[in-house]
Amino acid sequence: MSRQHDAPTRRQSPTADRPSGPTRRGFVTAVGAGAVALGGLTVSGSAAAQEATPRLVFTYDDGYVEDYTQTFAVHRQLDAPACAAVPSANVGRSEKFLSQSQLTEMAEAGWEVMSHGVAHEALGQVTLTERVSADDTKLYTDSTVLSRTPHEVEVFAGDTRATGTLTGDGEDGSYLQLESALGTSFESGASVRFTEDVVRDTLSKSKQSLSDRGFDVDSMVLPYGRYDERALSLIQEYYDSVANVQRGGLNSTAAIRPYRLSRAYFDEDRMSESELTSFMDRVVSRKSLGLLGGHSRNPALTGERIKLAIELAQERDIEIVTMRTALQEIGVVESTATPTSTSTSPATGTRTPTTTPTSSTDSDTSFVGGFVDWLFSLLN
Ligand SMILES: [Zn+2]
């Protein structure tokens, strides 16, 4: 608890550099009685959080242009901010995706930009479904999600570990194709995931790329909702929270777990109107932090559904905020005492873009398309 004696410090500007401390949480000294910030652990509510306010954060994934043409328009009309979780390589990638100017306009209107990987990389693991011999170059797995963004992977079981480089997947989509054999055999049930360097690269480059585009990014949404304990541990070095580790969408304000947040999809095919109403009632009765997510490209996430959700919240005096504002108000991160932003919405910390970086062509060519994400999410 000695951290409570530390002077409150505003954490540093977004950077891709690895922090010197054990976790980002280590930089933060939450204000208020009983508040302590520990990586991955429950953060006791601050004094402010004890008088909990029901809050709601909307998050929209994948950076499709419909975030702007449909969703942003509804949110703006009802004066409610939201968050866009954007794979950094998607910005300006094609007319299907948000352009730099659209995302900038959203941020200037109070939206928060969140990380969603560089090219929507799966940060968790998949499982071998067949034995792999030392000279095999095919990994039969329960999912080929890793092949959508081919990188170096590690295969491991117990103390045995080998690495290889993915080049894609099989024609029938049932196996991961390796550039060369592992040189080690593994039985069915072994795990496959990207190497730590790949995960670190994804976490840092996503943040840096969005930062270079003028957006402060300090929370993330897991691509495909996939994670493992290593991923959550590494994420803490770069980000303040993860929005979609659990499902349900109701988070205790008094014992918030920023790296294990729960989010619910509110598309019409995932949540009925009565379920949405009940969700809002529970946000109020439990004084929760509610998290809702969706994909603006999904035909089941209509403007009408978004309007309904916002109005149900506003009728109940639920405070609709960005993730950053929620984390600040709850005491998980420091409030911005002296905003450096010239934005009309200081809480977003939005800056004017200073550079026009080129997107990663390497990632672009390997990215299959986030449209599969919400399709995939239906299967989860
Ligand atoms: Zn996604």
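Tyr 224 is found in the loop between strand β11 (219-220) and helix α5 (229-235), where helices (H or I, at least four residues) and strands (E, at least two) are DSSP runs numbered from the N terminus. The model is a predicted one, in which local features need pLDDT of at least 70, side-chain atom pairs count only at pLDDT 80 or more, and totals for chains, interfaces and linings use all residues. Residues are numbered from 1 along each chain as its sequence is written.

Phi of Tyr 224 is near 60°, a positive value in a residue other than glycine. Most residues other than glycine have a negative phi. Tyr 224 is buried, because 22 other C-beta atoms lie within 10 Å; a residue is buried if 20 or more other C-beta atoms lie within 10 Å of its own, exposed if 12 or fewer, and partly exposed in between, with C-beta atoms placed from the backbone. A positive phi, near 55°, is also found at Asp 79, in the loop between α2 (66-77) and β3 (83-86). Asp 79 has 11 other C-beta atoms within 10 Å and is therefore exposed.

The protein chain contains 10 helices and 18 strands. Of its 380 residues, 48% are buried.

Val 242 is placed in strand β12 (residues 241-242) and counts as buried, because it has 25 C-beta neighbours inside 10 Å. Leaving aside neighbours within four places in sequence, Val 242 is in contact with residues including Met 220, Leu 222 and Tyr 259, contact being defined by C-beta atoms, placed from the backbone, that lie within 7 Å. With the same exclusion of neighbours within four places, the contacts of Met 114 include Cys 83, Met 220 and Met 323.

Helix α6 (residues 273-285) and helix α7 (residues 303-315) have axes that come within 10 Å and cross at roughly 35°. Axes are lines fitted to C-alpha atoms, for helices over the stretch in contact, and angles run from 0 to 180 degrees between N-to-C directions. Glu 273, Leu 276, Thr 277 and Met 280 in α6 meet Leu 308, Ala 309, Leu 312 and Ala 313 in α7.

Notes: Two residues are in contact if their C-beta atoms, placed from the backbone, lie within 7 Å.
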